[in-house]
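Trainee: I'd like to learn how to read a helix and a strand from a model. Can you walk me through it?

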Amino acid sequence: MKKIAAVALLTLGAVLAGCSKQESAAPAAAPAPAAVTKIVVGLDDNFPPMGFRNEKNELVGFDIDMAREAAKRLGLEVEFKPIDWSAKEAELSGKRVDALWNGLTITEERKQNIAFTAPYMENHQIIVVPANSAIKSKADLAGKVVGAQEGSSAVDAIKKEDTVFKSFKEFKTFGDNVTALMDLSTGRLQAVVVDEVVGRYYVAKKPGDYAVLDDNFGTEEYGVGLRKDDTELHGKLDKALADMKQDGAAAKIAEQWFGKNIIK
């Protein structure tokens, strides 16, 4: 009887052990990813007319309206977060913002770290000088003090033209374009290289103070910058922008800010 009982116990133990192994081997179900309900847009809030603060300290601008329209179509809440534009890639990769949407130029260098939507606008890097300046071309910048916004594509565009860049007496960078243009007005700079959309906005406000040269530092395209692993958002945003171009919503926003359709 003792032998039979011992065998029975061993058999029962083996069965229980087998069940235990099977139960522990079953992986726990992974929790479903939380649905995205909001997109945080990083921007330079001193970049009119793309994104800036009005007299009521409200964030307004062409890109603000474009982002709001796209978010509405995607059923997402949108939050606008002013950031240090020279640290924009760190803000994006650190997930403090989900998108860079503020006149962001598509460049090969930026493509190494940022995924871009299809371009929605074309831009030039123009040269702004005082209205009474003797500077009439890029060649005339030799021996002059030239400024641009730190971290902007204007800096990259200037440095690509190595001969012109090395001819400057000095090249200064600023936290924003407004400060650079103020230094131009006071004579601390003799020229500012700036995005056309920004430069012409300020020139139009003070036509007697500034002039824009015929020469420029090249043509570029604007796109929305995203993290490379945010493929779902990338695809949805590309479609929203394409639909906005197709149905005229983007053109309407452009006409409100620029007086004409500048959508690419």
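Predicted model: local features only at pLDDT ≥ 70, side-chain atom pairs only at ≥ 80, totals over all residues.

Trainee: Okay, which residues of helix 9 are buried?

Mentor: General idea before the case: an α-helix has 3.6 residues a turn, so residues three or four places apart point the same way. In helix 9, the buried set is L233, H234, L237, A240, L241 and M244. They span an arc of only 135 degrees around the axis, which means they sit on the same side of helix 9.

Trainee: And which residues are exposed on the other side of helix 9?

Mentor: There you'll find T231, E232, K239 and Q246.

Trainee: What covers the buried residues of helix 9?

Mentor: The cover includes strand 1 (38-43), helix 2 (62-74), strand 7 (115-116), strand 13 (225-226) and helix 10 (249-258).

Trainee: How far apart are the end C-alpha atoms of helix 9?

Mentor: They are 22 Å apart, and that agrees with the 22 Å its 16 residues (231-246) should span at 1.5 Å a residue. After the helix comes G248, with a positive phi near 90 degrees.

Trainee: Now strands. How many residues of strand 8 are buried?

Mentor: In general, side chains in a regular strand alternate between the two faces of the sheet. Strand 8 (residues 121-130) has eight of its 10 residues buried, so call that one mostly covered.

Trainee: Which strands does strand 8 pair with?

Mentor: Strand 12 (residues 210-222) pairs with strand 8 in the antiparallel sense over eight bridges, with N216 as the bridge partner of I126. Strand 11 (residues 191-195) also pairs antiparallel with strand 8, over four bridges, and there V193 is the bridge partner of I127.

Definitions and conventions. Residues numbered from 1 in each chain as written. Heavy atoms only, no water. Helix = DSSP H or I, 4+ residues; strand = E, 2+ residues; numbered from the N terminus. Expected span 1.5 Å × (residues − 1). Buried < 20%, exposed > 50% of the residue type's maximum accessible area, 1.4 Å probe, protein only. Arc of directions from axis to C-beta. Contact = heavy atoms within 4.5 Å. Pairing = 2+ DSSP bridges.
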